[in-house]
Amino acid sequence: MQIRTREFVPRATFALHDPNLQRALAKAADGFIGKRAKAIAEVPEFEALREAASARKDEILSELDLWLERFEARVRAVGGQVHWARDAEEARAIVLALCRRAGARTVAKGKSMVSEEIGLNEALAADGLEVIETDLGEYIVQLAKEPPSHIIAPAVHKTKEQVAELFAEHHGGPPKTTVPELVTEARLQLRRKFFRTDVGITGANFLIAETGASVIVTNEGNGDLTQSLARVHIVTAGIEKVVPTLEDATLFLRLLARSATGQDSETYTTYSMGPRRADDPDGPQEYHVVLVDNGRSRMLGGPWRPMLRCIRCGACMNHCPVYGAIGGHAYGWVYPGPMGSVLTPLFVGLDTAYDLPNACTLNGRCGEVCPVKIPLPDLIREVRHAQQRDGLHPPAEQRAKALWRRAAERPALYHGLERLAVRLLATLGRKGRIRRMAGLHAWTDARDLPAPSGRTFLELWHAKGRDE
Amino acid sequence: MNEPDPLDPTLAARRRDTVLGAIRRNLGRDAAPPAPEFPLPPVHPRITVPDEDLVERWRRRWEARGGTSALVPTKASAVEHLIAWCREHDLPPPTHAARPLLELPWPADWPLDPGPAGIDTQSAVSLAFAGIAEVGNLAFLSGPESPVTHLFVPDNHFILLDAAAIVRHFEDVWQRLRQHLGTSDADWRERLPRTINFVAGPSRTGDVEQTIQLGAHGPRRVHVVIFSE
Ligand code: SF4
């Protein structure tokens with residue numbers, strides 16, 4: 001996927017003024033937050049599950065090499081193959097070679113964030129393969145020639161009317177008006193494609209060392225048709241996805257569905273272990289797992305390790321006010337929202353993704369909802385520190401900070417300036433709010449600035465001391 | 001010059017060593033620690049399932065997800081129930097079934113095929129390996145007797161479930177699986193099916209404006225017949 005993180009500011013500005021997007025986002029945020037809250041209220045053990053999951057994941061990560069080796073051995077034992085890819089380019093080359101070897105012409109895909117990360121679709125299409133996204137949301141954005149804007153709801157930025165127009169354009173016929181009609185239309189279109197697929201590519205929510213299984217969860221059943229009807233099943237997964245046992249997968253699955261869609265489980269949870277057995281009447285003849293590093297091993301060392309606990313549930317972005325205002329596309333790459341503000345700079349570069357962590361308001365909601373207790377606000381701050389250490393902050397900001405520092409080192413001057421500022425700002429306020437302010441339009445267009453009372457904290461404090 | 005083949009075993013081994021090496025370096029150690037035998041399944045927190053009737057709880061959860069269910073006295077009586085159900089709901093009779101179900105007293109005009117489902121398959125009958133009361137899921141094992149396509153291709157899916165196979169938690173399924181597959185002289189993992197499938201009601205999607213719609217790619221209607229022998 002093309003990296004457009006440098007366009008964050010113009011894209012965010014554009015998003016704020018796109019009425020369709022704003023409508024879609026408002027609807028989505030309400031739905032996601034409410035459903036999750038309801039699902040969690042039913043489970044008094046939720047906090048205990050979070051604790052256990054976060055501790056377990058740390059344990060696994062500290063022995064990651066061991067679990068990956070065991071996973072590989074079990075995949076071989078069930079008749080499959082594991083391929084290791086150091087980076088995106090290698091991962092693409094491996095998948096492409098597997099498709100060529102199978103003489104494939106059509107590739108069906110279940111939803112996979114790693115395949116977005118490694119830019120798989122473009123590479124397959126460039127090789128002349130027909131690539132069909134089968135998750136309804138992914139199918140919609142594929143038709144629209146857009147990247148997904150949310151990790152679990154790829155087409156969350158589209159309204160029903162936009163989907164109807166898109167379908168009419170690609171499938172013919174008049175635009176449909178209801179959701180059931182749209183879903184049925186996609187079902188019929190994709191049904192025929194599933195049955196002529198050569199290779200089925202899925203992601204993996206988990207890999208299980210004990211059995212060599214890759215686990216996918218879906219609500220539509222598309223990932224299952226993808227892998228059951230193809231001749232070759234290829235799984236693309238990050239190396240951090242491995243867990244030791246079936247019981248471990250269960251622990252994380254209890255958190256995943258509730259955090260992602262507010263359901264107590266998704267409709268389909270599938271453990272796939274190898275190709276079809278000798279007497280099986282259906283299923284793929286080959287099973288491959290492509291383990292993708294692409295910078296993950298580096299994250300194991302240093303402060304970023306907790307980020308590898310992420311189970312890609314999307315709760316952090318659903319609760320993020322910045323994501324809620326600008327949507328996923330503004331972030332300019334595969335991973336949006338809070339998790340993306342940490343991951344994207346680490347994957348594509350602290351400078352290339354400079355704006356992402358700096359757009360954060362550090363309100364802390366993401367960290368509070370993360371099912372594996374990733375300290376997202378701390379990590380976002382850590383990314384900013386790293387950017388500062390590398391001297392990446394823009395010159396204007398550096399000059400402003402230097403100026404501020406010089407003032408702050410002279411208390412008398414600082415307090416004098418402060419007294420001046422609060423008095424000035426107080427005159428701009430109407431009923432305690434500042435609705436417009438020169439030089440800060442971008443900010444005040446969207447919300448009011450609370451007006452100060454006209455006296456500084458220190459003045460008030462001293463006054464209070466005198467009174468008592 | 002030809003491009004190197006990414007599937008070449010020497011190259012593949014080098015890539016593997018690099019990735020594992022990078023992991024170890026970043027974890028701050030030289031080689032993998034000696035591998036002990038597979039640890040016992042860890043014990044993690046579970047979701048409390050009150051000590052109520054598990055069948056009752058399973059049905060409540062299942063139906064909350066848009067599935068339907070019925071209780072019948074015996075496995076054989078499931079046939080009569082399904083005949084009536086299909087008539088009542090105007091559904092096409094099943095054309096495919098899991099092999100172990102072929103021995104049931106099906107009507108003569110319901111010829112059932114134990115082979116995989118095809119693009120025109122409208123309706124199939126399967127046998128569940130377990131039901132999970134915790135959340136109203138069903139578990140299936142794929143195999144020569146139970147094609148996995150039966151679960152996902154038909155519009156209508158009928159499932160027979162033994163009341164005694166309804167367990168409390170997912171962990172109970174794993175324990176059953178280990179017992180079911182293991183033999184006195186072989187590890188259970190030698191006999192793993194290609195897939196273990198958990199199903200919770202009809203296929204659904206929320207991808208258009210978060211509006212839940214049933215029947216995305218998999219079955220639109222899933223009806224479970226619970227029997228006790
Ligand atoms: S960071 Fe946490 S909340 Fe965000 S997607 Fe990952 S697991 Fe979910």
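This is a predicted model: local features need pLDDT of at least 70, side-chain atom pairs count only at pLDDT 80 or more; totals for chains, interfaces and linings use all residues.
The interface comes first. In chain B, 81 residues are in contact with 108 residues of chain A. About 8000 Å² of area is buried between the two chains. Carbon and sulfur atoms give 58% of that area. Polar links also cross the interface. Between chain B and chain A, 50 residue pairs are in polar contact. Several elements of chain B give two or more residues to the side that touches chain A. They are the helices α1 (9-27), α4 (149-152) and α5 (170-181), together with the strands β8 (195-199) and β9 (204-205). Helix α1(B) provides the largest share of this side, with 10 residues. By residue class, the side of chain B that touches chain A holds 41 nonpolar, 20 polar and 20 charged residues.

Salt bridges were then counted. Over all chains, the structure holds 46 salt bridges. Across the interface of chain B and chain A, 14 are found. One salt bridge links the side chains of D264(A) and R65(B), with an N to O distance of 3.9 Å. Another salt bridge lies within chain A. E146(A) pairs with K158(A), and their closest N and O atoms are 2.9 Å apart. Both residues lie in the loop between α8 (136-143) and α9 (160-171) of chain A, so the pair ties together parts that are 12 residues apart in sequence.

Strands of a sheet pair through backbone hydrogen bonds, in a parallel or an antiparallel sense. The chains join where β9 of chain A, residues 268-272, meets β8(B). These two strands run antiparallel and are joined by five bridges. Within this pairing, T269(A) has F198(B) as its bridge partner. Further along, β4 (residues 130-132) and β5 (residues 137-141) of chain B pair in the antiparallel sense over three bridges. Here G131(B) stands opposite L138(B) of β5(B).

A separate description applies to the five-strand open sheet of chain B. Its order is β1-β11-β6-β3-β2, and the pairing is parallel. At the edges stand β1 (68-72) and β2 (96-97) of chain B. Each has a single partner strand, so one side of each is left without a neighbour in the sheet. Strand β6 (residues 156-162) and strand β11 (residues 221-227) of chain B pair in the parallel sense over seven bridges. D162(B) has F227(B) of β11(B) as its bridge partner.

The ligand was examined last. The residues around the ligand come from chain A. They are C310(A), I311(A), R312(A), C313(A), G314(A), C316(A), M339(A), C370(A), P371(A), V372(A), I374(A) and L376(A). This shell divides into 10 nonpolar residues, one polar residue and one charged residue.

Note on methods: Residues are numbered from 1 along each chain as its sequence is written. Chains are lettered from A and ligands numbered from 1 in the order in which they are written. Side-chain values use heavy atoms; hydrogens and water are left out. Contact means heavy atoms within 4.5 Å. Buried area is the accessible area (1.4 Å probe) that two parts lose on being put together, summed over both. A salt bridge is a side-chain nitrogen of Lys or Arg within 4 Å of a carboxyl oxygen of Asp or Glu. A polar contact is a pair of N or O atoms within 3.5 Å; within protein, one must be able to donate a hydrogen and the other to accept it, and residues adjacent in sequence count only if both atoms are side-chain atoms. Helices (H or I, at least four residues) and strands (E, at least two) are DSSP runs, numbered from the N terminus. Ala, Val, Leu, Ile, Met, Phe, Trp, Tyr, Cys and Pro count as nonpolar, Asp, Glu, Lys and Arg as charged, and the others, Gly among them, as polar. Two strands pair if DSSP finds at least two bridges between them. A residue is near a molecule or strand if one of its heavy atoms lies within 4 Å of it.
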